[in-house]
Amino acid sequence: MQIGVLALQGAFREHIMMLEAIEVTAVAVRLPEQMSDLCGLIIPGGESTAIAKLMETYGFYDAISQQHGAGMAVWGTCAGAILIAKEVLDGIGGQRSLGLMDITVRRNAFGRQKDSFVADLDINHLPGEGFRGVFIRAPWIEWVGKGVDALAKHDGAIVAARQGDLLATSFHPELTGDPRIHRYFAQEVVAS
Amino acid sequence: MAENAKETGTLLVKTGLAEMLKGGVIMDVVNAEQAKIAEDAGAVAVMALERVPADIRASGGVARMADPTIVEQVVASVSIPVMAKCRIGHFVEAQILATLGVDYIDESEVLTPADEQYHVNKREVTVPFVCGARNLGEALRRIAEGASMIRTKGEPGTGNVVEAVRHMRTMTDDIAWVSGLRGEQLYDAAKKLQAPYELVKWVAENGKLPVVNFSAGGIATPADAALMMQLGCDGVFVGSGIFKSGVPSKRAKAIVEATTHFHDAEIVAKVSRNLGEAMVGINISDIPDAERMQERGW
């Protein structure tokens, strides 16, 4: 099983290290043609506007949509969750998303850096105790469509959701050293 | 489970934002209009200033924190993180910047130092700090004071990458040296580096700095950015290099692409074409010792 991590900008190295820790082959993806053998793709945290510009320039919008249509699972963390959403609120003018997942995501919903926080989360379908959620200028999932399963909430706001082979988290599991969500993605979401 | 218990301003939250900026370009801007150009070009953050380093250098005198109005206008104009500079040791400028909603404070040698012995106690502020360093000892002293991101200093406002290269290579060499030491040698290394033993030991065990390290001070072209990335930095600051060039928006976008594709010379070649005039630049030997910004900080 090969899982790619979109390596245009942001915390892609941490995702690669987490995948290697659970013995999944990780591929750093900088150009669309590097996605041909992947069964899953992680779009990491970073600045969604910067990642979106680079995706546009290098032809990732069509390529990711096509690969997803052909069976590639996709997980977006933070900026990645914004990029896979059908609708984005508080984006910059003309900010494009992939529109894969039937969710509405509000950018920087939890505030600026002074409001960034760590909190324990209860996440459905995850084995073991609570998960340490690291929220950095984080978005939240303001609305989910039918067929989207809200997996976790913080202060009433949805912060993790799944729709078939799509996963979105507004926090950063790659910064915690806890591989449970990476394992969930590899074993449950990709394998579905 | 106490779902509502949340902690702000923790080390993880402070270093976490720096992790998200990796592989990106942080651009100096002096007004809202430049900030929008930077955001549209794909900057991961902007540094709000009253004057870019090249102009600070040209005009001389005392350089201070920007007028809060400029910082607030930049904060209001973009959705990406905003950084702003305070003088070394000027903890009140830091307190002021924290109230303006900035996401990172740069305790910067580009401004005239306010204290020639002490830096700001950065642990006392919820907003994270980035600080300049020329070598491992300087970086670890700043981290001990609470910096959650480092940038190698280079020589700001010159458009000359030579000092940025020197400092990045020194950092890498220092880390390699410490990594090769035996346990008992680390106490002596801490003494030589004038840095806390625990941090020196961490670097020796992990072979890297405990926080993200960007490169700064003299980057003016896409090739400069790719050079610094290949030398091992996590991302780049471009100060005067963008808005002192002929066509800022085009150069900004090209530097962003070169920073992502730093290992791919064909892409760096492609984005380097027809960018218009680069900033003129200054030879380091033409700068009197007293005017070298990199010497500021202790």
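Reader: Which residue in S1(B) is the bridge partner of Ala119(A)?

Author: Lys6(B) is the partner, and Lys6(B) belongs to S1(B). Keep in mind that this is a predicted model.

Reader: What makes S7(A) and S1(B) a pair of strands?

Author: The count of bridges. Pairing needs at least two bridges between the strands. S7(A) and S1(B), residues 6-8 of chain B, have three. They therefore count as paired. The sense is antiparallel.

Reader: What makes the link between Arg112(A) and Asp103(B) a salt bridge?

Author: A side-chain nitrogen of Lys or Arg must lie within 4 Å of a carboxyl oxygen of Asp or Glu. Here the closest N and O atoms are 2.6 Å apart. The pair therefore qualifies. Across the interface of chain A and chain B, the rule finds four salt bridges.

Reader: Which elements of chain A give two or more residues to the side that touches chain B?

Author: Helices H1 (12-21) and H2, plus strands S7 (117-121), S8 (131-135) and S10 (149-154). By class, that side holds 15 nonpolar, 12 polar and 16 charged residues.

Reader: How much area do chain A and chain B bury between them?

Author: About 3,600 Å², with 56% of it on carbon and sulfur atoms. Tyr58(A), Arg112(A) and Gln113(A) supply 16% of what chain A buries against chain B, more than any other three residues. The contact takes 43 residues from chain A and 45 from chain B. Residue pairs in polar contact between the chains number 18.

Reader: Why is helix H2 of chain A called largely enclosed by the rest of the structure?

Author: Seven of its 10 residues are buried, so the helix, residues 48-57, is largely enclosed. The buried ones are Ser48(A), Thr49(A), Ala50(A), Ile51(A), Ala52(A), Leu54(A) and Met55(A).

Reader: What covers those buried residues of H2(A)?

Author: The cover includes strand S1 (2-6), helix H3 (60-69) and helix H4 (79-84) of chain A. Helix H12 (248-260) of chain B is also part of it. After H2(A) comes Gly59(A), with a positive phi near 75 degrees.

Reader: Why does Thr158(B) count as buried?

Author: Buried means under 20% relative accessible area. Thr158(B) has 0% relative accessibility, so Thr158(B) counts as buried.

Reader: Where does Thr158(B) lie, and which residues does Thr158(B) touch?

Author: Thr158(B) is in the loop between strand S7 (149-152) and helix H7 (162-179) of chain B. Leaving aside residues up to four places away in sequence, Thr158(B) touches Arg57(B), Gly218(B), Met279(B), Gly281(B), Ile282(B), Ile284(B) and Ile287(B).

Notes
Residues are numbered from 1 along each chain as its sequence is written. Chains are lettered from A and ligands numbered from 1 in the order in which they are written. This is a predicted model: local features need pLDDT of at least 70, side-chain atom pairs count only at pLDDT 80 or more; totals for chains, interfaces and linings use all residues. Side-chain values use heavy atoms; hydrogens and water are left out. Buried means under 20% relative accessible area, exposed over 50%, partly exposed in between (1.4 Å probe, protein chains only). Helices (H or I, at least four residues) and strands (E, at least two) are DSSP runs, numbered from the N terminus. Contact means heavy atoms within 4.5 Å. Buried area is the accessible area (1.4 Å probe) that two parts lose on being put together, summed over both. A polar contact is a pair of N or O atoms within 3.5 Å; within protein, one must be able to donate a hydrogen and the other to accept it, and residues adjacent in sequence count only if both atoms are side-chain atoms. Ala, Val, Leu, Ile, Met, Phe, Trp, Tyr, Cys and Pro count as nonpolar, Asp, Glu, Lys and Arg as charged, and the others, Gly among them, as polar.
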